[in-house]
Amino acid sequence: MLIRLQIFPQTLIHLHSPLTPVKSPNPRPNWTKQSQFLDGFRTSLSSHPNTPISDSGLRFRQKLLYIQSLKVNSSKALHKNPNFRSVPLDTVKSVEKCLYSMGIERSALGRILDMHPQLLTSDPYNDLYSVFDFLLNEVHIPYPDIQKSIIRCPRLLLCTVDNQLRPTLYFLKNLGFVGAHAITCQNTLLLVYSVEGTLLPKLEYLQNLGFSFKEVVNMVVRSPGLLTYSIEKNFRPKVEYFLDEMKGDLAELRRFPQYFSFSLEGKIKPRHRVLVEHGFSLPLPEMLKVSDGEFNLRLIETQLQLVDERHLNSVSGNQDGNKWRTSTIKRSASLKKKLKNRCTSRGRRFTN
């Protein structure tokens, strides 16, 4: 009614004034009082944690602080696991308690959760304990070694027992991973690989090189790491270099499948080129298993032996030849002793 009276002409206001006396409204509302009221309302919301807005924000902040205390990247966690926004903090803490109960220390746990933020919202009883039960009772990993398996391959915790872990275990057992070659905490990572998508193609590739199925099985059981290497990034380039540049024999790869575990650019090529430059050749184990220092000592010893043999042939039968022979034997023995001491100090086995 007051608003309508404001838009009437002045004459109408006079006509109605005897009947409805109206006071003119204040044209300038008191915004200061309204602002004070709103500020007071906001303050009351923030001071009562039971209000929905404040409660959700506070809990979310607590979750971020909690995972940051575990050295988990919160931005990465939110990006890779959007469900983390809505999961209760107690659920996240239950994951930590579950992993800790299996011997995984807090420092290692933070690294695991940072690598796989999906674990932050997992259900310990349905997702995690089933994996631990499988490792303990079906793979027969001793309890103290469970944490070693998980730390080496956290992806185990993301796999389902029925669809992934158990079928792969059965395949590996049939392949020969039983008895003395049974799965241990050192190679439980094999369980996360798909039989059809990963393991069988690698076995077939090795067979296509010319190895029989029995030979391939023997190779992978002796060196399980073969099943973890990429065909395109590991097998193919190393086989090509071995056959084309080193003129190697496949029989040597059968005897020493660990060849594929060494870096092509960092060790295989440099050492082979040094041997070629000096006109020498060594079996793969002697060429690759020793350290750089031991390799150089072996190279020097071989050079001295060749020089000594040439000189002995040229002075054979005279007194100088006998002296040279004696000197050579002493020098060679000294080098072998140094090499043996260095190998022993580093836990390696020396072979003459």
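Q: How do H13 and H15 lie relative to each other, roughly parallel or roughly antiparallel?
A: In this predicted model, local features need pLDDT of at least 70 and side-chain atom pairs count only at pLDDT 80 or more, while totals for chains, interfaces and linings use all residues. The axes of helix H13 (residues 231-245) and helix H15 (residues 264-278) come within 12 Å and cross at roughly 5°, where axes are lines fitted to C-alpha atoms, for helices over the stretch in contact, and angles run from 0 to 180 degrees between N-to-C directions. Angles under 35 degrees count as roughly parallel, over 145 as roughly antiparallel, 65 to 115 as roughly perpendicular and the rest as oblique. The relation of H13 and H15 is therefore roughly parallel.

Q: Which residues of H15 make the contact with H13?
A: Residues are numbered from 1 along each chain as its sequence is written, and side-chain values use heavy atoms, with hydrogens and water left out. Helices (H or I, at least four residues) and strands (E, at least two) are DSSP runs, numbered from the N terminus, and contact means heavy atoms within 4.5 Å. From H13, the contact involves Pro-237, Lys-238, Tyr-241 and Glu-245. From H15, the residues are Leu-264, Ile-268, Lys-269, His-272 and Arg-273.

Q: Which residue forms a salt bridge with Arg-236?
A: A salt bridge is a side-chain nitrogen of Lys or Arg within 4 Å of a carboxyl oxygen of Asp or Glu. With closest N and O atoms 2.8 Å apart, the partner is Glu-232.

Q: How many residues apart in sequence are the parts that Arg-254 and Glu-215 tie together?
A: The side chains of Arg-254 and Glu-215 meet in a salt bridge, at 3.6 Å from N to O. Arg-254 belongs to helix H14 and Glu-215 to helix H12 (residues 213-222), so the pair joins separate parts of the chain. Both are partly exposed, Arg-254 with a relative accessible area of 29% and Glu-215 at 24%. The separation in sequence is 39 residues.

Q: How many salt bridges does a search of the whole structure find?
A: Some salt bridges share partners, and these join Glu-138, Asp-162 and Arg-166 into one network. For the whole structure, the number of salt bridges is 10.

Q: Which side chain of opposite charge is nearest to Glu-252?
A: Glu-252 sits in helix H14 (residues 250-255) and touches Phe-242, Pro-283 and Leu-284, not counting residues up to four places away in sequence. Lys and Arg count as positive and Asp and Glu as negative; His and the chain ends are not counted. Glu-252 is buried yet has no salt bridge. At 5.0 Å, the nearest side chain of opposite charge is that of Arg-255.

Q: How far is the nearest cysteine sulfur from that of Cys-153?
A: A disulfide is a pair of cysteine sulfur atoms within 2.5 Å, and a search of the whole structure finds zero disulfides. Cys-153 is in no disulfide, and its nearest cysteine sulfur, that of Cys-159, lies at a distance of 7.1 Å.

Q: What relative accessible area does Ile-104 have?
A: Ile-104 lies in the loop between helix H6 (89-101) and helix H7 (106-115). Leaving aside residues up to four places away in sequence, Ile-104 touches Leu-99, Leu-109, Ile-112, Gln-147 and Ile-150. Its C-alpha atom is 7.9 Å from that of Ile-151, 47 residues away along the chain. Ile-104 is buried, with a relative accessible area of 1%.

Q: Which residues are in contact with Phe-213, leaving aside its neighbours within four places in sequence?
A: Phe-213 is placed in helix H12 and is partly exposed, with a relative accessible area of 46%. From C-alpha to C-alpha, Phe-213 and Leu-203 are 8.1 Å apart in space, and 10 residues apart in sequence. Beyond those sequence neighbours, the contacts of Phe-213 are Leu-175 and Gln-207.

How values were computed
Buried means under 20% relative accessible area, exposed over 50%, partly exposed in between (1.4 Å probe, protein chains only).
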